[in-house]
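These are my notebook entries on one structure. I record what I looked up, in the order in which I looked.

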Amino acid sequence: MENFLALVTGSEITLPVCAVRLFLSFLTGCVLGLERKYRTQFVGMRTLTIICVSSSLLMMLSIYMSQLFPNSPGDPSRMAAQVVSGIGFLGGGAILRHGFNVKGLTSAANIWTVAALGLAIGSGFIIPAAIALLICLLSLICIEYFEERVFPADQLKTLQIICDSPGPEIKALEGVAAEYSVVITGLQAASRDETSNIVLTYDIRMPKHLDFDAFSSHLLQIFSLHSITVE
């Protein structure tokens, strides 16, 4: 056990040290990548594993270079700083916009976090890295459940209805929407289609697990709408 701790927390970079720390980086990336894959996000296990392992390798390389040339004015933290700033470009690629919704922010934060964990493991900062991994994993799993219970209407969408003139009154529409925990925040646009029907587009907030079939059937029945869509 003492030998293993020496490998993962020691300051000297040797081949066994590199092998153990790279393996721990692999496991760390797999754990956070599995959570993203379970939620069917674009960033998965392979991406986060590669980031964590490569950042750990760069951290060990930086420490090794300072040991190889002890009299040089090199600073091991300089390479780590470049990784932290450079990883933002990769994280930005995971952020996508769908209408009024922005998706991928958590995945981008995961990319930045897994790079930090890889740097920590590569420098032998194992126990703090393990604590940070546990906190991040619990945050990803537990906070979402808390948000869904406390803030049920957390998705920004657009509600488009096609109807005859003059269309439903906003107060009546808001009353029906409230029965399904849908909040109408405002009218975005009003126009006419090629058949002279009125097309109304509203900004709404809706729960993630809304029964859209029941919601749309209710609106169609009460207000005699031609169609209703949510994007």
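Is Asn-110 buried or exposed? I looked this up first, and Asn-110 is buried, with a relative accessible area of 5%. I use buried for under 20% relative accessible area, exposed for over 50% and partly exposed for values in between, with a 1.4 Å probe and protein chains only.

**Entry 1: basis of the values.** The model is predicted, so I note that local features need pLDDT of at least 70, that side-chain atom pairs count only at pLDDT 80 or more, and that totals for chains, interfaces and linings use all residues. Residues are numbered from 1 along each chain as its sequence is written, and side-chain values use heavy atoms, with hydrogens and water left out.

**Entry 2: overall composition.** I find eight helices and six strands in the protein. Helices (H or I, at least four residues) and strands (E, at least two) are DSSP runs, numbered from the N terminus. The elements follow one another from the N terminus as α-α-α-α-β-β-α-α-β-α-β-β-α-β. Of the 231 residues in the protein, 35% are buried. I then looked at contacts, meaning heavy atoms within 4.5 Å. Among those between residues at least 6 apart in sequence, 66% join residues at least 24 apart.

**Entry 3: surroundings of Asn-110.** Asn-110 belongs to helix 5 (residues 105-122). Leaving aside residues up to four places away in sequence, I find that Asn-110 touches Leu-32, Glu-35, Arg-36, Leu-48 and Leu-140. Among the buried residues of helix 2 are Leu-32, Glu-35 and Arg-36.

Entry 4: Helix 2 (residues 15-38) has 24 residues and spans 34 Å from its first C-alpha to its last, close to the expected 34 Å at 1.5 Å a residue. The expected span is 1.5 Å times one less than the number of residues. Further buried positions in helix 2 include Val-17, Cys-18, Gly-29 and Cys-30.

The axes of helix 2 and helix 3 (residues 45-68) come within 7 Å and cross at roughly 150°. Axes are lines fitted to C-alpha atoms, for helices over the stretch in contact, and angles run from 0 to 180 degrees between N-to-C directions. Helix 2 and helix 3 are therefore roughly antiparallel to each other. Angles under 35 degrees count as roughly parallel, over 145 as roughly antiparallel, 65 to 115 as roughly perpendicular and the rest as oblique. I note a right-handed crossing for helix 2 and helix 3; a crossing is right-handed if the near helix is turned clockwise from the far one by less than a right angle, and left-handed if anticlockwise.

Ser-62 sits in helix 3. Ser-62 counts as buried, at 7% relative accessibility. Between Ser-62 and Gly-122 I read 60 residues in sequence and 9.5 Å in space, C-alpha to C-alpha.

Entry 5: Which order do the four strands of the open sheet have? The order is 4-5-3-6, with antiparallel pairing. Two strands pair if DSSP finds at least two bridges between them. Strand 4 (183-192) and strand 6 (227-230) are the edge strands, each pairing on one side only. From one strand to the next, the twist averages 20°.

Eight bridges join strand 4 to strand 5 (residues 198-206) in the antiparallel sense, and Ile-184 has Ile-204 in strand 5 as its bridge partner. A hairpin is formed by strand 4 and strand 5, with five residues between them, and Ser-196 in the turn has a positive phi of about 70°. Strand 3 and strand 5 run antiparallel and share nine bridges; Cys-163 is bridged to Ile-198 in strand 5. Strand 5 is largely enclosed by the rest of the structure, because seven of its nine residues are buried.

Entry 6: Helix 8 (residues 212-223) lies across strand 3 (155-163) and strand 6, at about 145° to strand 6.

The axes of helix 7 and helix 8 come within 10 Å and cross at roughly 150°. Helix 7 is therefore roughly antiparallel to helix 8, and the crossing is right-handed. At this contact, Ala-172, Leu-173, Val-176 and Ala-177 in helix 7 meet Phe-215, His-218, Leu-219, Ile-222 and Phe-223 in helix 8.
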